[in-house]
Amino acid sequence: DARMVARPGHVVTGSAAIRAALQHSLSLQPMITLETTSVIQAGDLALMRSKWRFTGSRANGQPIDISGEGAEILRRQPDGQWLYLIDNPFSDG
């Protein structure tokens with residue numbers, strides 16, 4: 001039931017749809033940096049805020065350099081691992 005904002009105004013649901021939405025971006029072999037700026041935990045849920053930067057090259061060699069601020073909700077699993085429940089990398093716009 002995980003959800004991700006694939007682009008502003010477009011939410012995809014489920015691991016297959018998220019994987020498909022990320023496929024093009026990851027084909028660019030980008031360098032992605034993520035800085036967690038805050039975490040608020042309530043039981044087995046957490047709200048995380050982040051700053052990110054995505055750099056790479058398009059197929060024609062044109063450079064890509066984009067950045068933004070994200071908001072993510074994570075859920076703790078029975079084994080203690082935290083997994084994304086909702087990911088909105090475009091929460092700043």
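Is Asp65 buried, partly exposed or exposed? In this predicted model, Asp65 has a relative accessible area of 45% and is therefore partly exposed.

## The sheet

The model contains an open sheet of six strands, arranged in the order β2-β1-β6-β5-β4-β3, with mixed pairing. At its edges stand β2 (10-13) and β3, each of which pairs on one side only. From one strand to the next, the twist averages 30 degrees.

Several neighbouring strands can be described by their bridges. β3 and β4 run antiparallel and are joined by eleven bridges; in this pair, Met31 stands opposite Thr55 of β4. β4 and β5 are also antiparallel, pairing over 13 bridges, and here Arg53 stands opposite Ser67 of β5. β5 and β6 run antiparallel with six bridges between them, where Arg75 has Leu83 in β6 as its bridge partner.

## Hairpins and backbone angles

The hairpin of β4 and β5 has five residues between its strands, with Gly61 in the turn at a positive phi of about 90 degrees.

Most residues other than glycine have a negative phi. Gln29, however, has a phi near 50 degrees, a positive value in a residue that is not glycine. Gln29 is found in the loop between α1 (15-27) and β3, and its relative accessible area of 70% means that it is exposed.

## The two faces of β4

In a regular strand the side chains alternate between the two faces of the sheet. In β4, the covered face consists of Ala46, Met48, Ser50, Trp52, Phe54 and Gly56. The uncovered face consists of Leu45, Leu47, Arg49, Lys51, Arg53, Thr55 and Ser57.

Ser50, on the covered face, lies in strand β4 (residues 45-57). Ser50 counts as buried because its relative accessibility is 2%, whereas the cut-off for buried is under 20%. The side chains of Ser50 and Glu72 are joined by a polar contact of 2.9 Å. Beyond residues up to four places away in sequence, Ser50 touches Leu34, Glu35, Thr36, Thr37, Gly68, Glu69, Gly70 and Glu72.

## Salt bridges

How many salt bridges does the count come to? The count comes to two salt bridges. One of the pairs is Arg53 with Asp65, whose closest N and O atoms are 2.4 Å apart. Arg53 lies in strand β4 and Asp65 in strand β5, so the pair ties together parts that are twelve residues apart in sequence. Arg53 counts as partly exposed because its relative accessibility is 42%, and Asp65, at 45%, is partly exposed as well.

A salt bridge also forms between Asp44 and Arg76, with 3.0 Å between the closest N and O atoms. This pair links distant parts of the chain: Asp44 belongs to the loop between β3 (31-42) and β4, Arg76 to strand β5 (residues 63-76), and the two are 32 residues apart. Asp44 has a relative accessible area of 43%, so it is partly exposed. Arg76 is at 30% relative accessibility and therefore counts as partly exposed.

Asp87 lies in strand β6 (residues 82-88). Asp87 is buried yet has no salt bridge. The nearest side chain of opposite charge is that of Arg49, 10 Å away. Leaving aside residues up to four places away in sequence, Asp87 touches Arg3, Met4, Val5, Ala71 and Glu72.

## Pro30 and its surroundings

Pro30 lies in the loop between α1 and β3. With a relative accessible area of 21%, Pro30 is partly exposed. Apart from residues up to four places away in sequence, Pro30 touches Ser25, Phe54, Thr55 and Gly56.

Note on methods
Residues numbered from 1 in each chain as written. Predicted model: local features only at pLDDT ≥ 70, side-chain atom pairs only at ≥ 80, totals over all residues. Heavy atoms only, no water. Helix = DSSP H or I, 4+ residues; strand = E, 2+ residues; numbered from the N terminus. Buried < 20%, exposed > 50% of the residue type's maximum accessible area, 1.4 Å probe, protein only. Lys, Arg positive; Asp, Glu negative; His and termini not counted. Salt bridge = Lys/Arg side-chain N within 4 Å of Asp/Glu carboxyl O. Contact = heavy atoms within 4.5 Å. Polar contact = N/O pair within 3.5 Å; in protein donor to acceptor, adjacent residues only side chain to side chain. Pairing = 2+ DSSP bridges. Axes fitted to C-alpha atoms, helices over the stretch in contact; angles between N-to-C directions.
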